[in-house]
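Subject: Structure for you to look at

Hello,

Here is the structure I promised to pass on. Please open it and keep it beside you while you read my notes.

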Amino acid sequence: MSREAFKDKAASFPKSPGVYLFKDDKGRVLYIGKAKSLRDRVGSYFSGPIHADAWIGRMLDAAADVEFLLTGSEVEALLLENRLIKDIQPKFNRL
């Protein structure tokens, strides 16, 4: 998926708390993050200049899709993020 396609998809995400998952072309989870506003947080990866952190650029280059899971609060998002990272152990959360 191109950066523009990611940006368009992120714009359709809700402004609600939740967890987002970047996945590769085989559906493997590369990175898990939490957000109080999924639209704003995921969109931030694609707005402005390319992010200064090299690992984010590598993760975005490897990503083919991004999905989200809604939660009822930021606290629930934090708990879900921690559990998913522990269970899945995504490549870019271990760096």
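Start with lysine 15 and aspartate 40. They form a salt bridge, and their closest N and O atoms are 3.4 Å apart. This is a predicted model, so treat every value here as computed. The pair joins distant parts of the chain: lysine 15 sits in the loop between helix 1 and strand 1, while aspartate 40 belongs to helix 2, 25 residues apart. Lysine 15 has a relative accessible area of 54%, so it is exposed, as the cut-off is over 50%. Aspartate 40 is partly exposed, at 44%.

The whole structure has four salt bridges. Another one links the side chains of lysine 23 and glutamate 67, at 2.9 Å from N to O. Lysine 23 is in strand 1 and glutamate 67 is in strand 3, so this bridge ties together parts 44 residues apart in sequence. Lysine 23 is buried, at 17% relative accessibility. Glutamate 67 is partly exposed, at 33%.

A further salt bridge joins aspartate 24 and arginine 28, with N and O 2.7 Å apart. Aspartate 24 is buried, at 9%. Arginine 28 is partly exposed, at 48%.

Now the strands. Strand 1 (residues 18-23) and strand 2 pair in the antiparallel sense, over six bridges. Glycine 18 stands opposite alanine 35. Strand 2 (residues 29-35) is mostly covered, with six of its seven residues buried.

What about the inside? The largest nonpolar core has 18 residues. Tyr20, Phe22, Val42, Tyr45 and Met59 have the most contacts inside it. Helices 1, 2 and 3 and strands 1 and 2 each supply at least two residues of this core. A second, separate core has seven residues, including Val19, Val29, Ile32 and Ala77. Beyond its neighbours within four places in sequence, it touches Ala10, Phe13, Tyr20, Phe22 and Val66.

Last, helix 3. Which of its residues are buried? They are Ile56, Gly57, Met59 and Leu60. These cover an arc of only 165° around the axis, so they lie on the same side of helix 3. Ala54 and Asp61 are exposed on the other side. The buried residues of helix 3 pack against helix 1, strand 1 and strand 2.

Best wishes

Key
Residues numbered from 1 in each chain as written. Predicted model: local features only at pLDDT ≥ 70, side-chain atom pairs only at ≥ 80, totals over all residues. Heavy atoms only, no water. Buried < 20%, exposed > 50% of the residue type's maximum accessible area, 1.4 Å probe, protein only. Helix = DSSP H or I, 4+ residues; strand = E, 2+ residues; numbered from the N terminus. Pairing = 2+ DSSP bridges. Core = buried A, V, L, I, M, F, W, Y, C linked by side-chain atoms within 4.5 Å. Contact = heavy atoms within 4.5 Å. Arc of directions from axis to C-beta.
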